[in-house]
Amino acid sequence: MARVTRALALLVLGLFALLAAPSFTALRAEAAPKKKEKAPWVGPKKGSWVKILRPESYWYQTRGQVVNVNQKAEVKYPVTVKFDRVNFSNVNTNGFALWEVIEAPAPGPGEV
Ligand SMILES: *[C@@H]1O[C@H](CO)[C@@H](O)[C@H](O)[C@H]1NC(C)=O
């Protein structure tokens, strides 16, 4: 009889521990870093206008619109710019380094 009582006591204790203890998954969720913490945007905004400062570029000193800025630091030419004019290869986009572009005002109506 004593053995049965002991076993019962252990069972109750075990159940209590299961119910009262915070689940491990809950603890893990709290300890995990917050996902999708927004890092500040590097470079000009998408859709903004920039002037090209690279002298050897076909589009030197012309204005183009930012398509995207790759946010990975290891990308050499992260700023993708789209132009109204195509170069001799019939291409109208090019990648630039952050320091090869400067923010420019958007063209006025009818202006390029
Ligand atoms: C036109 O632009 C593209 C992208 O920058 C470049 O790869 C290509 O060499 C250019 N073509 C000429 C003729 O400059």
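**The sheet and its surroundings**

A: Among contacts in the chain between residues at least 6 apart in sequence, those joining residues at least 24 apart make up 40%. The model is a predicted one. Its chain holds two helices and five strands, and the order of elements from the N terminus on is α-α-β-β-β-β-β. The strands are the part taken up here.

Together the five strands make an open sheet with antiparallel pairing, and their order across the sheet is β4-β3-β2-β1-β5. From one strand to the next, the twist averages 45°.

Two of the pairings can be followed in detail. β1, residues 49-52, and β2, residues 63-69, are antiparallel and share three bridges. Within this pairing, V50 faces G64 of β2. On to β3, residues 79-82, β2 makes four bridges, again with antiparallel strands. Here Q65 has K82 in β3 as its bridge partner.

N68 gives another view of this region. N68 belongs to strand β2, and with residues up to four places away in sequence left out, N68 touches K46 and T80. N68 and V79 are eleven residues apart along the chain, and 6.1 Å separates their C-alpha atoms. N68 is classed as partly exposed because it has 15 C-beta neighbours inside 10 Å.

The nonpolar residues come next. In soluble globular proteins, nonpolar side chains tend to be buried together. In this model the largest nonpolar core has eight residues: V50, I52, V66, V69, V79, V81, F96 and V101. At least two residues of this core come from each of β1, β2 and β3. Of the 112 residues of the chain, 8% count as buried. One of the core residues, I52, has a list of contacts that includes F96 and V101, along with S57, W59, Y60, Q61, T62, G64 and E100, when residues up to four places away in sequence are not counted.

Q61, one of the residues that I52 touches, sits in the loop between β1 and β2. The phi angle of Q61 is near 65°, which is positive in a residue other than glycine. Q61 counts as exposed because 11 C-beta neighbours lie inside 10 Å, and the limit for that class is 12 or fewer. A second case is N90, in the loop between β3 and β4. Its phi is likewise positive, at about 65°, although N90 is not a glycine. N90 is also exposed, since 6 other C-beta atoms are found within 10 Å.

Y58, N87, F88, S89, V91 and N94 surround the ligand.

Terms used. Residues are numbered from 1 along each chain as its sequence is written. This is a predicted model: local features need pLDDT of at least 70, side-chain atom pairs count only at pLDDT 80 or more; totals for chains, interfaces and linings use all residues. Two strands pair if DSSP finds at least two bridges between them. Axes are lines fitted to C-alpha atoms, for helices over the stretch in contact, and angles run from 0 to 180 degrees between N-to-C directions. A residue is near a molecule or strand if its C-beta atom, placed from the backbone, lies within 6 Å of it. A nonpolar core is a set of buried Ala, Val, Leu, Ile, Met, Phe, Trp, Tyr and Cys residues joined through C-beta atoms within 7 Å. A residue is buried if 20 or more other C-beta atoms lie within 10 Å of its own, exposed if 12 or fewer, and partly exposed in between; C-beta atoms are placed from the backbone. Two residues are in contact if their C-beta atoms, placed from the backbone, lie within 7 Å.
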